[in-house]
Amino acid sequence: MKYVATEQAPKAIGPYAQAVAVNGFIYTSGQIPLLPNGELVEGTIVEQTDQVFANLKAVLEEAGSSLEKVVKATVFIKDMDEFAALNEVYAKHFGSHTPARSTVEVARLPKDVKVEIEVIAVAG
């Protein structure tokens with residue numbers, strides 16, 4: 001098991017790792033729309049989701065993987081009425097690659113953000 005950490009994504013704001021690599025897979029922690037310096041990205045679901053993907057890409061790259069190697073994504077969204085906009089950003093970042101996905105509307109997310117995404121990817 002290897003813990004993954006990069007300065008290109010926000011540091012963990014609690015007792016967890018940005019990601020863990022084990023048995024050929026990368027398991028990321030949920031990423032929220034924070035800049036690498038920890039500053040919150042305010043704004044629309046589109047702006048927040050773009051930042052979440054920037055963070056996921058940075059963590060996966062540090063782990064030796066990429067979005068193209070994601071096999072499962074879990075999306076937590078604060079308001080399902082914003083799902084269509086989120087889905088457009090999601091599709092833009094994954095392109096023709098379509099990993100398995102679960103999407104769950106939640107009452108509240110850390111720092112009251114609109115979206116959090118975690119992924120499982122193949123390493124290497």
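1. Salt bridges. A search of the whole structure finds three salt bridges. A salt bridge here is a side-chain nitrogen of Lys or Arg within 4 Å of a carboxyl oxygen of Asp or Glu. The model is predicted: local features need pLDDT of at least 70, side-chain atom pairs count only at pLDDT 80 or more, and totals for chains, interfaces and linings use all residues. Residues are numbered from 1 along each chain as its sequence is written, and side-chain values use heavy atoms, with hydrogens and water left out.

2. Lys 92 and Asp 50. In this salt bridge the closest N and O atoms are 2.9 Å apart. The pair links distant parts of the chain: Lys 92 sits in helix H2, Asp 50 in helix H1, 42 residues apart. Helices (H or I, at least four residues) and strands (E, at least two) are DSSP runs, numbered from the N terminus. Lys 92 is exposed, with a relative accessible area of 53%. Asp 50, at 24% relative accessibility, counts as partly exposed. The cut-offs: buried means under 20% relative accessible area, exposed over 50%, and partly exposed in between (1.4 Å probe, protein chains only).

3. The other two pairs. Glu 7 and Lys 11 meet through their side chains, at 3.9 Å from N to O. Glu 7 counts as exposed because its relative accessibility is 56%. Lys 11 is exposed too, at 57%. Arg 108 forms a salt bridge with Asp 112, and here the closest N and O atoms are 2.6 Å apart. Arg 108 is exposed at 62% relative accessibility. Asp 112 is partly exposed at 39%.

4. Helix H1. Just after H1, Gly 64 takes a positive phi of about 85°.

5. Buried side of H1. Which residues of H1 are buried? Among them are Ile 45, Gln 48, Thr 49, Val 52, Phe 53, Leu 56, Val 59 and Leu 60. An α-helix has 3.6 residues a turn, so residues three or four places apart point the same way. What covers the buried residues of H1 includes strands E1 (2-4), E2 (19-22), E3 (25-28), E4 (70-77) and E6 (115-122). Helix H2 (83-94) is also part of that cover.

6. The largest nonpolar core. A nonpolar core is a set of buried Ala, Val, Leu, Ile, Met, Phe, Trp, Tyr and Cys residues joined through side-chain atoms within 4.5 Å. The largest one has 25 residues. Ile 26, Phe 53, Leu 60, Val 70, Val 115, Ile 117 and Val 119 touch the most other members. E2, H1, E4, H2 and E6 each give two or more residues to this core. H1 gives the most, with seven residues. Apart from this core lies another, of five residues, among them Leu 34, Val 106, Leu 109 and Val 113.

7. Two residues and their contacts. Contact means heavy atoms within 4.5 Å. Leaving out residues up to four places away in sequence, Val 115 touches residues including Gln 31, Ile 45, Val 52, Val 75, Leu 86 and Leu 109. Ile 77 is found in strand E4. At 0% relative accessibility, Ile 77 counts as buried. The C-alpha atoms of Ile 77 and Arg 101 are separated by 13 Å, and the two residues are 24 apart along the chain.

8. Most residues other than glycine have a negative phi. Where does Asn 23 lie? Asn 23 is in the loop between E2 and E3. Its phi is near 50°, a positive value. Asn 23 is exposed, at 73% relative accessibility. Lys 111 also has a positive phi, near 60°. Lys 111 lies in the loop between strand E5 (100-105) and E6. At 48% relative accessibility, Lys 111 is partly exposed.

9. Phe 25. Phe 25 has its place in strand E3. At 31% relative accessibility, Phe 25 counts as partly exposed.
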